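Please look first at the sequence and the model on the screen.

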Amino acid sequence: GWEFLFRGFLLFGLARLWGPKTAILAQAIPFFLLHYYKPPLELFSSLPGGLAAGWFCLRAGTFLPLWIIHVVQMTTVGAVAVGLR
C-alpha cells in the first residue's frame with residue numbers, strides 16, 4: 001500500500017504539477033515521518049531511501065519494481081522472524 005500511495009500516487013501526480021525534484025522530496029518526507037516509531041537505523045535510513053526510491057521510480061516510469069522489492073524484503077523479514085522463534 002505504501003508503494004502505491006507514496007510512489008504511485010504522490011510521486012507521479014506531483015511530478016506533473018511541481019516537477020521531479022519537488023515531487024521526490026514531497027513523497028519522501030511523509031514516508032520518513034511514518035517510520036518515526038521504527039528502530040533508529042530504519043528511521044534514519046528511510047529518508048535517503050525514500051529519496052532514492054522516488055528517483056528510481058521516476059526514472060523507471062513505474063513503481064512496480066520497488067513494490068516487488070518491498071514484498072520480497074518483508075516476506076524475508078517475516079520468514080526469518082518465524083524461523084528465529
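I shall go through the overall fold, the helix contacts and then the pocket.

Residues are numbered from 1 along each chain as its sequence is written, and side-chain values use heavy atoms, with hydrogens and water left out. The model is predicted, and local features need pLDDT of at least 70, side-chain atom pairs count only at pLDDT 80 or more, and totals for chains, interfaces and linings use all residues.

The protein chain contains four helices and zero strands. Here helices (H or I, at least four residues) and strands (E, at least two) are DSSP runs, numbered from the N terminus. In sequence order the pattern is α-α-α-α. Along the principal axes, the C-alpha atoms of the protein chain fill a box of roughly 50 × 25 × 15 Å.

Axes are lines fitted to C-alpha atoms, for helices over the stretch in contact, and angles run from 0 to 180 degrees between N-to-C directions. Contact means heavy atoms within 4.5 Å. Among the residues of H1 that meet H2 are Trp2, Phe6, Leu10 and Trp18. The contact of H1 with H2 divides into 13 nonpolar, two polar and one charged residues. In this classification Ala, Val, Leu, Ile, Met, Phe, Trp, Tyr, Cys and Pro count as nonpolar, Asp, Glu, Lys and Arg as charged, and the others, Gly among them, as polar.

Next come H2, residues 20–33, and H3, which pack at about 145 degrees with their axes 8 Å apart. On the H2 side the contact includes Ile24, Phe31 and Phe32, and on the H3 side it includes Leu47, Gly50 and Trp55. By class, this contact of H2 with H3 has eleven nonpolar, four polar and no charged residues.

At what angle do H1 and H3 pack? H1, residues 2–18, and H3, residues 40–60, pack at about 70 degrees, with axes 11 Å apart. The two helices are therefore roughly perpendicular to each other. Arg7, Leu11, Phe12 and Ala15 of H1 make the contact with Gly50, Ala53, Gly54, Cys57 and Leu58 of H3. That contact has six nonpolar, two polar and one charged residues.

Finally, the largest pocket holds about 350 Å³ of space. On a 1 Å grid over the protein atoms alone, a pocket is an open set of points where a 1.4 Å probe fits, with protein on both sides within 12 Å along at least five of seven lines; lining residues have an atom within 4 Å of a point. Grid points are joined across faces, edges and corners, and a volume is the space filled by probe spheres set on the points. Of its 17 lining residues, Phe31, His35, Glu42, His70 and Gln73 are the closest to the centre. H1, H3 and H4 (64–84) each give two or more residues to the lining, and H3 gives the most, with six. The lining comprises six nonpolar, seven polar and four charged residues.

Methods. Parallel < 35°, antiparallel > 145°, perpendicular 65-115°, else oblique.
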